[in-house]
Amino acid sequence: MVLSRFEYKKARDVADAIALYKARKGKAVYLAGGTDLIPLMKQKLSMPKAVIDLKGIDELRSVTSKGGYVEIGANVTLFELKNNAVIGDNFPALHESLEATACETLQMRGTIGGNILQDTRCLEHNQSLEWRTARGFCLRSGGKACNVVKGSKICFANYCSDNAPALVTLDAEARFEGPEGKRAIKLASLFTGDAFKPFAVRAGEILTHIRIPVKKTKGAYEKLRVRESMDYPLVGVAVSSSGPGWNVCVTGVGLKPLIYEVRNTSEAGIKEIADKASSDARPAANTVVSPVYRKKMVGVLIKRAVKRAIGEGK
């Protein structure tokens, strides 16, 4: 698969990147690690007029602790982050999610910001242009209806980040800078549930940093996948706690993560949340595993993650 022609620009800093975007009147995309964007461009699912490379911006490559927070630059690679002592010592759910993401080769290239802002996925969409032409375009590719749920005018693609659910359970905050200035939002508020605009990101904005309150937490991340490396989560569950309750976040079973709180960690309390999450999950037949199995595994992985995090399982 060959990339379409595009203009390439390398930004010196965040302000320069935003200026380059504005000069191209929004007909541009930002490039970090490229592990999500480049395959989309090869499949002709993204055909930007210009690509603005952020990799050389030093301020996006650091991990610092200050004011009771750890601040992670969006261009820190997953490999760098999983080997960071602050992450390993305080945030086991995040550390495990980083270890579970793809393989080390891709971890050395992919960035935490890119993993959070990765596009949603579906077997009927993430294919070559030739495949989609022969099959018939789905709703998201410009067709008239969803090819998974026949006749539906709703897209059922899956948000498949490993790392965002762990960050949500840690009460993380996302910081942006764009043509309208700087702003910060809770990471949990980033997801819209709209396949055509899955993130509450304004035009031209750059995700610059992720901030996490520095607290010693317990936690775990469980992932359903076919292959041990490379695969996106068919279901992913992150759990974290710094006190008596637990935060739970589920990925891979819809357009945005499912978020819950567990206040009662008795077997009955864990089962209640696991059953609710399984009931709430509405997976479609758009992955290599059946939706019935994925729906059941939501509850299984929640029970497994919480019990392992509190030291009752392996």
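Visitor: Which residues is Ile 38 in contact with, leaving aside its neighbours within four places in sequence?

Guide: Contact here means heavy atoms within 4.5 Å. By that test, and skipping neighbours within four places in sequence, Ile 38 is in contact with Leu 3 and Leu 31. Keep in mind that this is a predicted model, where local features need pLDDT of at least 70 and side-chain atom pairs count only at pLDDT 80 or more, while totals for chains, interfaces and linings use all residues. Residues are numbered from 1 along each chain as its sequence is written, and side-chain values use heavy atoms, with hydrogens and water left out.

Visitor: Is Ile 38 partly exposed or buried?

Guide: Buried means under 20% relative accessible area, exposed over 50%, and partly exposed in between (1.4 Å probe, protein chains only). Ile 38 has 27% relative accessibility, so it counts as partly exposed. Ser 46, in the loop between helix 2 and strand 3, counts as buried at 16%. Ser 46 touches Leu 37, Leu 40 and Met 41, not counting residues up to four places away in sequence.

Visitor: Which residues of helix 1 are buried, and what covers them?

Guide: Helix 1 spans residues 14-23, and its buried residues are Val 14, Asp 16, Ala 17, Ile 18, Leu 20 and Tyr 21. Their cover includes strands 1, 2, 3, 6 and 8. At the start of the helix, a side-chain oxygen of Asp 13 comes within 3.3 Å of the backbone nitrogen of Ala 15.

Visitor: What follows helix 1?

Guide: Most residues other than glycine have a negative phi. Lys 25, which follows helix 1, has a positive phi near 50°. Lys 25 is in the loop between helix 1 and strand 2, and it is exposed, at 73% relative accessible area. Asp 171 also carries a positive phi, near 60°. Asp 171 is in the loop between helix 9 and strand 6 and is partly exposed, at 41%.

Visitor: How many aromatic pairs does a search of the whole structure find?

Guide: Rings of Phe, Tyr and Trp (its six-membered ring) pair if their centres lie within 6.5 Å; planes under 30 degrees apart count as stacked, over 60 as edge-to-face and the rest as tilted. The search finds four pairs. One of them is Tyr 159 with Phe 199, edge-to-face at 5.8 Å centre to centre and 75° between the planes. The partners are 40 residues apart: Tyr 159 is in the loop between helix 8 and helix 9, and Phe 199 is in the loop between strand 7 and strand 8. Tyr 159 is buried at 1%, and Phe 199 is buried at 9%. Together with Phe 191, they form one aromatic cluster.

Visitor: Which ring does the charged end of Arg 211 sit over?

Guide: A charge sits over a ring if NZ of Lys or CZ of Arg is within 6 Å of the ring centre and within 35 degrees of the ring normal. For Arg 211 the ring is that of Tyr 69, 3.9 Å from its centre. Arg 183 lies over the face of Phe 176, at 5.2 Å from the ring centre.

Visitor: How many disulfides does the structure hold?

Guide: A disulfide is a pair of cysteine sulfur atoms within 2.5 Å. The structure holds zero. The sulfur of Cys 146 is 6.3 Å from its closest cysteine sulfur, in Cys 155, too far for a bond. Cys 155 is in no disulfide either, and its nearest cysteine sulfur, that of Cys 122, is 6.3 Å away. Cys 146 is buried at 7%, and Cys 155 is buried at 11%.

Visitor: Which residues of the largest nonpolar core touch the most other members?

Guide: A nonpolar core is a set of buried Ala, Val, Leu, Ile, Met, Phe, Trp, Tyr and Cys residues joined through side-chain atoms within 4.5 Å. Of the 35 residues here, Leu 94, Ile 112, Ile 116, Leu 167, Leu 190 and Ile 212 touch the most other members. Helices 3, 5, 7 and 9 and strands 5, 6 and 8 each supply at least two residues of this core. Apart from it lies another core, of 25 residues, including Trp 246 and Ile 273.

Definitions and conventions:
Helices (H or I, at least four residues) and strands (E, at least two) are DSSP runs, numbered from the N terminus. A polar contact is a pair of N or O atoms within 3.5 Å; within protein, one must be able to donate a hydrogen and the other to accept it, and residues adjacent in sequence count only if both atoms are side-chain atoms.
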